[in-house]
Amino acid sequence: MKMQFRKFGRQFFFITLVLEGRPQALSRLVENAKRPELLQPGEVVKSLLLALHAVYPCATLSDSVIMPDHIHFLLIVNYDLMPGFNPLWVVHRVMDATEQIWKERGQAPAPPEAAALLRAAIQRGRDRAAEIKARMMSQQGCGGAAPVRSTLRFDRHAYIELSFDTRQLKAIRHYIRLNQARALWKLMHPDRFVRFVNIRHAVLDPARTWDAMGNLTLLGSPFLFHVRLTLKKSLAEHEAAICEIVEKAKRGMVPVSGFISPGEVEALKRLKVTPGTRFIKVLPCSLPPRYDPSAEDSRELAADRLLILSGFRNTRHISALAMRRDPATAHLFRSNCLAMNDLAAALCERAQTRTDRGRPHRLPPEDERAL
């Protein structure tokens with residue numbers, strides 16, 4: 001794997017390591033605690049991650065969380081100190097050293113010893129690489145020393161994401177800090193994190209394929225209303241509209257929106273801190289098979305306040321980075337957002353005009369006058 005980026009200044013790497021077979025061996029989830037309770041194998045991982053800076057002064061461990069079957073951590077690398085630093089290679093050596101300790105002793109080493117064990121694993125990796133290269137040069141095959149085996153073993157597919165801007169970095173740190181809470185929400189309310197496919201409902205356009213996650217009963221509300229706040233106005237100019245949206249939601253109406261523009265994002269923030277409100281979030285892209293909602297959305301899904309809805313089965317998620325790099329991708333995202341707003345508006349219109357025993361659903365007269 002070649003890391004394509006400029007190797008100077010500080011770079012931020014978001015790294016995920018997963019146990020092979022996903023045994024719940026590293027830690028234990030604890031309700032109302034900020035972090036999981038570490039078991040002995042997890043203590044070993046922590047000791048080696050903390051030893052990284054002693055071995056590589058250019059690398060600093062930032063935010064981290066050791067979950068029962070995987071690890072997330074943010075590594076800050078100063079490439080002005082070591083331009084040749086390869087985070088993927090080093091992460092594999094951390095896995096080797098961890099498995100060696102699991103096999104031979106099981107207990108976490110003290111900081112100086114952890115650094116020495118990590119250096120030894122790095123040297124073994126270099127020796128293995130040199131031996132493989134020598135065998136290839138002499139055409140004797142490419143075997144090399146067998147990797148260390150233990151009862152616990154990491155999946156060798158390490159997931160590394162390079163952070164490009166402060167906004168993404170903030171999101172990654174937030175994700176790490178709330179990782180245990182998200183896991184507990186999913187454990188306590190698994191039914192609320194089920195991905196529904198090919199759903200059918202009277203308010204949904206039958207010409208599209210709809211997927212969803214969350215509270216499907218929200219589609220049955222006769223009081224759905226579309227929220228669309230233009231980018232052409234500032235938050236101050238949208239203030240009256242945002243207050244009206246929150247007031248409607250407090251009275252039992254259900255806002256439907258992509259919640260993408262700054263005004264819509266602000267409205268969603270206020271809805272989330274307003275007790276009793278419910279909302280439908282429409283995506284301008286597909287809901288992938290392994291959809292992982294954000295920490296904020298996970299909280300609302302667990303509380304049964306949110307429905308995430310997608311009518312774009314064949315459109316992949318488009319990242320902010322992809323839009324910045326490719327004007328055609330940005331144009332596609334904008335087109336999808338416009339189509340999404342049309343779908344959301346049509347959905348709300350169908351909900352308002354549906355009849356029950358020949359009578360349209362209406363708000364109570366006092367609420368209707370208030371609007």
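Helix H10 comprises 27 residues (327-353), which at 1.5 Å a residue should span 39 Å, and its end C-alpha atoms lie 39 Å apart, in agreement. The expected span is 1.5 Å times one less than the number of residues; helices (H or I, at least four residues) and strands (E, at least two) are DSSP runs numbered from the N terminus. The model is predicted: local features require pLDDT of at least 70 and side-chain atom pairs pLDDT 80 or more, whereas totals for chains, interfaces and linings use all residues. Residues are numbered from 1 along each chain as its sequence is written, and side-chain values use heavy atoms, without hydrogens and water.

An open sheet of six strands has the order E7-E8-E12-E11-E10-E9, with mixed pairing. Strands E7 (195-199) and E9 (224-226) are at the edges; each has a single partner strand, so one side of each lacks a neighbour in the sheet. The twist averages 25 degrees from one strand to the next. E8 (residues 210-214) pairs with E12 (residues 306-310) in the antiparallel sense over four bridges, pairing requiring at least two DSSP bridges. Asp211 is opposite Ser310 in E12.

Helices H6 (residues 235-250) and H7 (residues 262-272) have axes that come within 9 Å and cross at roughly 40 degrees; axes are lines fitted to C-alpha atoms, for helices over the stretch in contact, with angles from 0 to 180 degrees between N-to-C directions.
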